Amino acid sequence: MEVLRPQLIRIDGRNYRKNPVQEQTYQHEEDEEDFYQGSMECADEPCDAYEVEQTPQGFRSTLRAPSLLYKHIVGKRGDTRKKIEMETKTSISIPKPGQDGEIVITGQHRNGVISARTRIDVLLDTFRRKQPFTHFLAFFLNEVEVQEGFLRFQEEVLAKCSMDHGVDSSIFQNPKKLHLTIGMLVLLSEEEIQQTCEMLQQCKEEFINDISGGKPLEVEMAGIEYMNDDPGMVDVLYAKVHMKDGSNRLQELVDRVLERFQASGLIVKEWNSVKLHATVMNTLFRKDPNAEGRYNLYTADGKCIFKERESFDGRNILKLFENFYFGSLKLNSIHISQRFTVDSFGNYASCGQIDFS
C-alpha cells in the first residue's frame, strides 16, 4: 500500500482513509481473524455522517450488524473493543454472539463517539469483504427453448470436438442452472436479505419500470466467447445475451441496478458495468459439478484458494460454434439467488424477486 495514496473505504456515502499499519500475525487461525486493524482516520471530517443522540450522560450512537461479525469488533480476549474504547474514551456494548440487536456506543464527547463509530464501521467493512459470497442477483435463463438449445450445443461440441485437449462432458453447465449474473452479494442475516429485497423493489419503481415498459425483455442467447486471452487454454466459455430489438435496454438496466447496489454498499464495487454472459462451460465443473466460477475460490476468512483446473483447447469450438443460436426467451424477473442451493426445479433457490409485468 502506498503511504501517500492509502486505500479508501466508502461507508454511508463518505470516504475513509485506511492507514497502513503493521499487522500482527498470530500462530493460530482463530487469532489471525481478530487482529486490530489499527487506527482509522477520516478523509473528511464526518460531523454529520452519523446520528449521534445527546443524553443526560453524554452522547450515544447505535448501529446494527450481523452477529457473525461481532467477533471482529470484540477481538481476541476483547482486545479490539478495549483498544477502541481506550483511544476514543467511549464504552461499546455489543450483543452476545448469535443474538440480534444494536451495537451501542456511549461517551462524554461527541467526537469520541463518532471516532469509535467510524472505526467500527471500517472494521465491519474490512471483514465483510473477507466473507465468501452468499447470494447473487440474476436472471434465470432456463426456459425450455434455451435448455434444449444448450443440450444441442453440448451434444454437437462433444461429437465434433471431444478429441480436443480437455473437452469432455464434465465441464458443461447444468442446463437448469443457466443464468445471467448482475452482481454478487454477501448477505449475513435475514435482515440483510430483506434489505436487498427492498432495494430491488426501489430499483423497479425508480427506473426498471421505465426501461422495461412494464413488459418482459425479449432477448436472444446466441454466439460464444471465452474469458481469458488464449483460445488454446480456456477455462470459461460463455454464451452472449442481447436484446432481440438490437437496443441497449438490457445493458442499461443491469448497469443501473449494479450502480444502485454498489452505492448502497450491498455490492462491492469491482466493475462499472455488467458483463452480460451465461457460462456454458467451466473447467471448475470437472472436479466439482457444484462449483460456481471464480467466486468459489475463497475461504470463509478471505484466503484465496488456487484450485487446480485443467484448461481445454477451445479453438475448434470457437471456430465451429462462434454464432451458435441457443434460443430466445423473455426476461421478466430479477432474482436474489442463494448460492449452493437448489429449488424443486433444479435451479438456484430464490430468496426474493421482482417481476417486470
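**Serine 337**

I started with Serine 337 and found it in strand β14 (residues 333-338); strands here are DSSP runs of E of at least two residues, and helices are runs of H or I of at least four, numbered from the N terminus. I was looking at a predicted model, where local features need pLDDT of at least 70, side-chain atom pairs count only at pLDDT 80 or more, and totals for chains, interfaces and linings use all residues. Residues are numbered from 1 along each chain as its sequence is written, and side-chain values use heavy atoms, without hydrogens and water.

Buried or exposed? Serine 337 is buried, at a relative accessible area of 0% (buried is under 20%, exposed over 50%, partly exposed in between, with a 1.4 Å probe and protein chains only). Leaving out residues up to four places away in sequence, I listed its contacts as Thr134, His135, Phe136, Phe140, Tyr348, Ala349 and Ser350 (contact means heavy atoms within 4.5 Å).

**Helices α3 and α4**

Next I looked up a helix pair. The axes of α3 (residues 79-88) and α4 (residues 110-128) come within 9 Å and cross at roughly 150°; axes are lines fitted to C-alpha atoms over the stretch in contact, with angles from 0 to 180 degrees between N-to-C directions. That makes α3 roughly antiparallel to α4 (over 145 degrees; under 35 is roughly parallel, 65 to 115 roughly perpendicular, the rest oblique). I noted Thr80, Ile84, Glu87 and Thr88 on the α3 side, and Gly112, Ser115, Ala116, Arg119, Ile120 and Leu123 on the α4 side.

**Whole chain**

Finally, I counted eight helices and 15 strands in the chain. Of its 357 residues, 50% are buried.
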